[in-house]
Amino acid sequence: TALMGFIETLVGAAKNDPIARDRFLGIMNAEASRMNRLVDDLLTLNHVESQERVRPKTQVNLTEILTLTLNSLEPLAKSAGVDMVLDVSNEPVNLIGDPDQLKQVFTNLIENAIKYGGDQVRVEMNARQRDPVLRCDVARVKVIDNGEGIDPVHLPRLTERFYRADSHRSRSKGGTGLGLAIVKHITSRHRGRFRVDSDLGKGSSFCVTLPLNL
């Protein structure tokens, strides 16, 4: 609707106004980019949901996936003035999983932390701990930021499609409201658990727990 409105204006009254034309084209470019991200996320979520009952079969190195993810997001962090810290063992942590989907999980979480979480993002991993709920040894990855935190009233609904704790801020940062839903479904496919903890003014922690033996 926004694109159609600006196109109608450019075809009509604004077509000979270079200042208005440049401003409208900038807005149209931003809206088209947002639409593209939304379509990509919807297709990804549909694909993940269709595979949720199909267990992954590939052995992956979680340490390597986390390292590659942080390296790929380094330019975004630098442009935002955010320091990233990776606190993992140098030893490989192997599990059965989908490498592309796991990379997407941590890309979504770290990218969110960069955009909304203050000036530092810390990624921690502890492996070979027994989880009482999953009843097996697990790798637990936490993405921790030092931002303004999330009101507890929002925490139970954060993984719902299109739910945003701050819709205006999320929209201005290019969010689609689907990132955490994708994280939840990928984690479920890997028979893991996803948890968010946050206190206003004290930052947030996003924890992914993955079994080391499915």
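Colleague: How do α2 and α6 pack?

Modeller: Two packed helices are described by the angle between their axes and the distance between the axes. In this predicted model, α2 (residues 18–50) and α6 (residues 179–189) pack at about 20°, with axes 9 Å apart. Axes are lines fitted to C-alpha atoms, for helices over the stretch in contact, and angles run from 0 to 180 degrees between N-to-C directions. Helices (H or I, at least four residues) and strands (E, at least two) are DSSP runs, numbered from the N terminus. Therefore α2 and α6 are roughly parallel (angles under 35 degrees).

Colleague: Which residues make the contact?

Modeller: Contact means heavy atoms within 4.5 Å. From α2 come Asp-41, Thr-44, Leu-45, Val-48 and Glu-49; from α6, Ala-181, Ile-182, His-185 and Ile-186.

Colleague: How many residues of α6 are buried?

Modeller: Buried means under 20% relative accessible area (1.4 Å probe, protein chains only). Nine of the 11 residues of α6 are buried, so α6 is largely enclosed by the rest of the structure. Its cover includes α2, α4 (99–116), β6 (193–198) and β7 (204–211).

Colleague: What about Asp-145: buried or exposed?

Modeller: Asp-145 lies in strand β5 (residues 136–145). Asp-145 counts as buried, at 10% relative accessibility. A polar atom of its side chain lies 3.0 Å from the backbone nitrogen of Gly-147.

Methods
Residues numbered from 1 in each chain as written. Predicted model: local features only at pLDDT ≥ 70, side-chain atom pairs only at ≥ 80, totals over all residues. Heavy atoms only, no water. Parallel < 35°, antiparallel > 145°, perpendicular 65-115°, else oblique. Buried < 20%, exposed > 50% of the residue type's maximum accessible area, 1.4 Å probe, protein only. Polar contact = N/O pair within 3.5 Å; in protein donor to acceptor, adjacent residues only side chain to side chain.
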